[in-house]
Amino acid sequence: MTVTFPQKGLPWLLLLPQLLVTAIFFLWPAEQALEQAFYQEDAFGLSREFIGLENFAALFTDPLYYQSMLTTLVFSFSVAIVGMSLALLLAVMADRVIRGKLAYQTLLIWPYAVAPALAGVLWWILFDPSMGPIALWLKSAGVDWNHYLNGNQAMILVVIASTWKQISYNFLFFLAGLQAVPRSLIEAAAIDGASPFKRFWTIVFPLLSPTTFFLLVVNLVYAFFETFGVIDATTKGGPGQSTTTLVYKVFNDGFVGLDLGGSAAQSVVLMAIVGLMTVIQFRFIERKVQYS
Amino acid sequence: MTDVILEKVGKTYPNGYHAIPSVDLSIEEGEFIVLVGPSGCGKSTLLRMVAGLESISTGELRIRGERMNEKEPAERDIAMVFQNYALYPHMSVYDNMAYGLKNRGMAKNLIEEKVSDVAAMLGLTELLQRKPRQLSGGQRQRVAMGRAMVRDPKVFLFDEPLSNLDAKLRVQMRVEIRQLQRKLGTTTLYVTHDQVEAMTLADRLVVLNKGKAEQIGTPMDLYNKPATPFVAAFIGSPSMNLIDANLTEQGIKISEALTLPLSHQHRGGIVWGIRPEHLEVSDEHNADFALRILAVESLGAETLIHGKVETELGNGDPMVVRLSGPHLPDVNSLMWLTAPVLHWHLFDAKTQQRLRD
Amino acid sequence: MIENRPWLTFASHATLLMGIALVALPVWMALVASTHPASAFGAGHIPLWFGDAGAETWGTVLFEKAGNGVDTPVWFMMLNSLIMALGITFGKIAISLLSAYAIVFFRFPFRNLCFWIIFMTLMLPVEVRIVPTYEVVANLDLLNSYTGLTLPLIASATATFLFRQCFLSIPGELVEAARMDGAGPWRFFFDILLPLSRTNIAALFVILFIYGWNQYLWPLLITTDDAYYTLVMSIKRMLSVTDGDIAWNQIMATTLLAMLPPVAVVIGMQKLFVKGLVDSEK
C-alpha cells in the first residue's frame with residue numbers, strides 16, 4: 001500500500017484541470033453524439049426531430065456501411081500482418097548482428113516521427129500513375145497501375161504508406177522481445193543440434209508470442225484510428241468507397257455529407273468498438289503485469 | 001523523568017483487522033527500548049504509530065506529557081531511520097541531511113553548522129557532496145542516522161535499520177548505534193526481529209507477539225525469567241528446549257517412562273523448559289535422561305548436539321544441547337545428560353504463564 | 001551468435017541494409033523531386049537524380065510562401081506547429097502529473113470514479129467523436145485560436161497512467177521520510193516527486209511532442225484562417241488545387257520540412273524516445 005497525505009480537498013484541486021478538459025472535450029461530445037444518434041437534423045441545424053433507433057436501423061441496412069466494415073478489416077489486418085512480418089524479419093537480423101546495431105536501429109526507427117498524412121504524400125508520388133517511378137516501372141512490367149481508378153491498387157497504396165510508418169514501432173518492440181529471450185535457452189537448443197532456422201521457429205518465436213499479440217492489438221488500433229491522415233491525404237476514401245474505413249466514413253458523412261445523425265450513430269458504434277478493444281488491451285496488459 | 005508514554009494504545013484497521021489490541025509502555029528519558037518479535041507481530045505498526053505515520057485507533061500517546069495522537073509526524077519532534085534508509089536519491093548527502101531543517105525554516109548558516117557537526121561525528125565529512133547511489137551500504141546507513149541526528153529530536157525511531165547490511169557490518173553498526181545513543185542521550189525506540197540485536201542494544205526489551213506485549217524487561221530479566229513459552233523460545237540462541245509435560249505428585253512427567261522428580265503444588269499440564277547451554281553431560285548412573293544423537297554441529301568454540309530424548313518406547317521429544325569447546329560424539333549413540341533444577345522453567349500449559357518457582 | 005556462420009552474418013547485414021534503403025526510398029525521392037523546377041514533372045516522370053533548382057525551391061517555400069494556394073511561408077507555419085506541439089505536450093504533462101499525483105498520494109471519495117473517467121478518454125480518440133467535438137469547440141468560440149488547437153487534445157489517459165505507474169514505484173518510505181522532514185504535499189511534489197520523475201517526463205515529452213506536431217485532422221477542421229495553419233495540415237490544403245497545377249517540388253520541400261523537426265527529435269534523443277515508447281505502452 002502506498003503512503004498517502006491526509007489532505008481531503010487538495011486532491012480535487014489537483015484533478016480539476018484533467019477532469020474539466022475530459023468533461024468538456026470528451027464526455028460532453030460523446031454525450032452529444034449519443035443524443036444526436038437518435039435525432040434527425042437538417043443540414044443547417046435549424047430543426048431536429050426525434051427518430052429513435054432509425055439512424056441505427058439505416059446504418060445497419062446500408063450495404064455501404066458493411067462494405068466500409070469489410071474495407072476496415074482488410075486494411076487493418078493487412079497493415080498489421082505486413083508491418084509485423086517485415087519488422088520481425090528486420091528485428092531478427094538486427095538481433096543477430098554484433099556491429100552497428102545502434103546505427104541500424106537509428107536508420108530504421110525514424111519513420112515513426114513522420115505524420116501519417118506526410119507518409120501518404122511521400123508514397124503517393126512514388127506511385128503516381130503519370131509520373132511516379134514505381135508506377136512507371138510497374139507499367140513497363142505489364143501492370144497497369146492507376147490507384148485513382150483501381151480500388152484494389154488504392155488499397156495497396158494506403159496499406160504500404162501506413163505500414164511504412166509503423167514498421168519502426170514493431171521493430172523496436174520485437175527487438176526488445178528478442179533481446180529478452182534467455183541466451184541459455186538458445187544455447188541449450190544449439191547443443192541439442194537445432195539449426196538457427198529451427199531454433200527460431202521452435203524456441204524464439206513461441207517465446208515472442210506475448211509481444212506478437214500485444215503488437216497485433218496495437219497495430220489494429222493504429223490502423224483503425226491513426227491512419228486517417230494517410231487516407232485523407234492520398235485517396236480520400238476513393239475511388240468509390242474502396243478505401244473508406246469506418247473512421248473515415250464518420251468524418252466524411254458528418255463533414256462532407258452533412259448527415260449528422262448518421263455520423264453520430266457511427267460514432268456511437270465506433271465508441272463501442274474502441275471500448276471493446278481497450279478492454280482487451282487492458283486485460284492483456286494486466287495479465288502481462290501479473291506474469292512479469 | 002518519563003519521556004514517552006503509550007497508554008492502552010491500540011490499532012484497528014478499517015477492514016476490521018485488530019493489529020494491536022492494547023499496549024502499555026512508559027519510556028524513561030534517554031532509555032533505549034527495543035521492540036522485538038517475529039514478522040507480523042505488530043512491532044513496526046507500533047513504531048509507525050509513535051511516528052505518526054499510522055493513526056492511533058484507541059488509547060493515547062504522550063511525549064513529554066503532551067498528547068500526540070492528532071499531531072503530524074513533523075510536529076512530534078521525532079526522527080526516524082528507515083529500513084531502506086529512504087535517502088532522497090537525487091539529493092547530495094548534505095541536502096539529504098539539511099532538507100528537514102530547511103523545511104523548518106532554519107537559517108542557512110545554522111544548518112551548515114549543524115550538518116557539518118553531525119557529519120564530523122559520523123565520519124561523513126568527505127562524503128557530503130556525493131549522491132546516495134555513490135555510497136556503500138554502511139555509509140548510507142550513517143547518512144540516514146545523520147539525517148535523524150541533525151534535527152536534534154526528542155525521540156529517535158529506528159525501523160529495522162540494520163537488516164539490509166551484511167553480517168559483519170551489522171555487528172559494527174550495532175556497536176556504533178549504541179555508542180552514539182549513549183553519547184547523545186536521546187530516548188530511542190528501535191524495532192528489530194533479530195533477538196541478538198535486541199539483546200545487545202536494549203536497556204529494556206518489549207517482546208511482541210500477535211500485537212500483544214508478552215513481556216517488558218531488561219535483556220537479563222527476559223533471559224533468566226521469561227514470562228511465557230513464547231518469550232522463552234524467542235530470546236536465546238539456540239532457543240530453549242520446551243517440552244509438554246504433566247506436573248504430578250512425583251514430579252514432572254515427560255512421558256510414561258520418564259519423570260523428573262520435583263515437588264510443586266501446581267498440578268496438570270505444563271510446559272517444561274531448559275536452555276541448551278544449561279544441560280550437562282553426565283554418566284549413566286547420575287543422569288536424568290539420555291539423548292539419542294541425530295546431528296552434531298561443531299562451531300569450534302562450541303558444539304551443538306541435536307537429538308531426541310530416549311525413552312523405552314522409542315525416541316521422544318527433540319532437544320538441543322550446547323557444549324563449549326569441540327566434541328565429537330557419534331551420531332546415533334546415546335548421550336547421558338543432567339538438567340539442573342536451578343535452570344528449569346515451568347509454564348502453565350493453559351494460561352501460558354510462568355509458574356512461580 | 002552461437003555458431004560462426006559468415007554467410008548468415010552477411011545475409012543479416014544485407015537484409016538490414018535493404019530494409020534501410022526501402023524505408024529511406026520515399027524520402028530520397030522527395031529530396032530529389034524538391035530540387036527540380038515545377039515544370040520538370042509535366043514531362044511524365046520524376047527525375048531520378050538531383051536537379052539544380054533546390055536552393056530556389058527551398059528558399060521560396062521556407063521564406064516566401066509554400067505555394068499551391070497556401071500563401072503562408074513554411075517558417076511561419078512551423079512556428080504555429082511548434083506552438084501547438086509544445087502547448088499539447090506541456091499541457092498533457094502538467095495536467096497528467098497533477099492528476100496522477102492526486103490519485104496515487106491521496107485518498108478521497110470517488111477516487112476510483114475519477115480514475116475511470118480519465119480511463120474512458122482512452123476509448124474516445126478524437127477521430128471517433130470528431131463531429132460533436134467540433135461543435136463543442138465552435139460553441140465555445142475557439143475556432144481559429146491556439147486554445148482551440150491545443151486544449152481539446154491535452155486530456156491524456158496514457159500520460160496519467162504512465163505517471164501513476166512511475167509514482168507507484170517510488171518507495172513509501174521516501175514519502176514518510178519527507179513527511180518526517182516536515183514536507184507538505186506541495187513541497188513533496190516539487191522537491192522530491194518531480195526530480196525523481198525527470199527521465200519519465202523527458203521520455204514522455206519526446207513522444208508527446210511528436211504526437212502534437214503530427215496532428216492533422218483537428219487543425220484541418222478548426223483552422224480556416226492562415227494565421228493558424230500548421231505545417232502538417234497545410235499539405236492537405238496544398239494538395240487541394242487542381243491536379244495539373246500542383247507544384248510537386250514545393251509540396252515535397254514542404255513535406256520534408258514538416259517531418260524534419262520530429263524526425264530530428266527521434267534521432268537526436270533516441271534513448272529517451274525508445275524509453276517513452278516502451279513506457280507509454282505499459
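Mentor: Two strands pair if DSSP finds at least two bridges between them, and the elements named here are DSSP runs numbered from the N terminus, helices (H or I) having at least four residues and strands (E) at least two. This is a predicted model, in which local features need pLDDT of at least 70 and side-chain atom pairs count only at pLDDT 80 or more, while totals for chains, interfaces and linings use all residues. Residues are numbered from 1 along each chain as its sequence is written, and chains are lettered from A and ligands numbered from 1 in the order in which they are written.

The strand to look at is E11 of chain B, residues 241–247, which runs antiparallel to strand E14 of chain B, residues 268–274, and is joined to it by seven bridges. Within that pairing, B:Leu242 stands opposite B:Gly273 of E14(B). E11(B) also has an antiparallel partner in strand E12 of chain B, residues 251–255, to which two bridges join it, and here B:Leu247 has B:Ile252 as its bridge partner. A hairpin of three residues leads from E11(B) to E12(B). As background to reading such a strand, side chains in a regular strand alternate between the two faces of the sheet.

Five residues of domain 1 of chain B are in contact (C-beta atoms, placed from the backbone, within 7 Å) with five residues of domain 2 of chain B. On the domain 1 side of that contact there are four nonpolar residues, one polar and none charged, where Ala, Val, Leu, Ile, Met, Phe, Trp, Tyr, Cys and Pro count as nonpolar, Asp, Glu, Lys and Arg as charged, and the others, Gly among them, as polar.

Elsewhere in chain B, B:Ala51 belongs to helix H1, residues 43–51. B:Ala51 counts as buried because 21 other C-beta atoms lie within 10 Å, the cut-off being 20 or more, with 12 or fewer for exposed and partly exposed in between. Beyond its neighbours within four places in sequence, B:Ala51 contacts B:Pro73, B:Ile78, B:Met80 and B:Leu157. The C-alpha atom of B:Ala51 is separated by 43 Å from that of B:His306, which is 255 residues away along the chain.

Turning to the other chains, no contact joins chain B to chain A, although their closest C-alpha atoms lie 8 Å apart. Chain B does meet chain C, through 15 residues of chain B and 14 residues of chain C. On the chain C side, helices H8 (172–180) and H9 (185–196) are the elements that give two or more residues, and H8(C) gives the most, with six. That side of chain C divides into eight nonpolar residues, one polar and five charged.

Of the two pairs of chains that touch, chains A and C have the most contacts, with 83 residues taken from chain A and 83 from chain C. Helix H1 of chain A, residues 10–36, supplies the largest share of the chain A side, 19 residues. By class, that side of chain A has 63 nonpolar, 16 polar and four charged residues.
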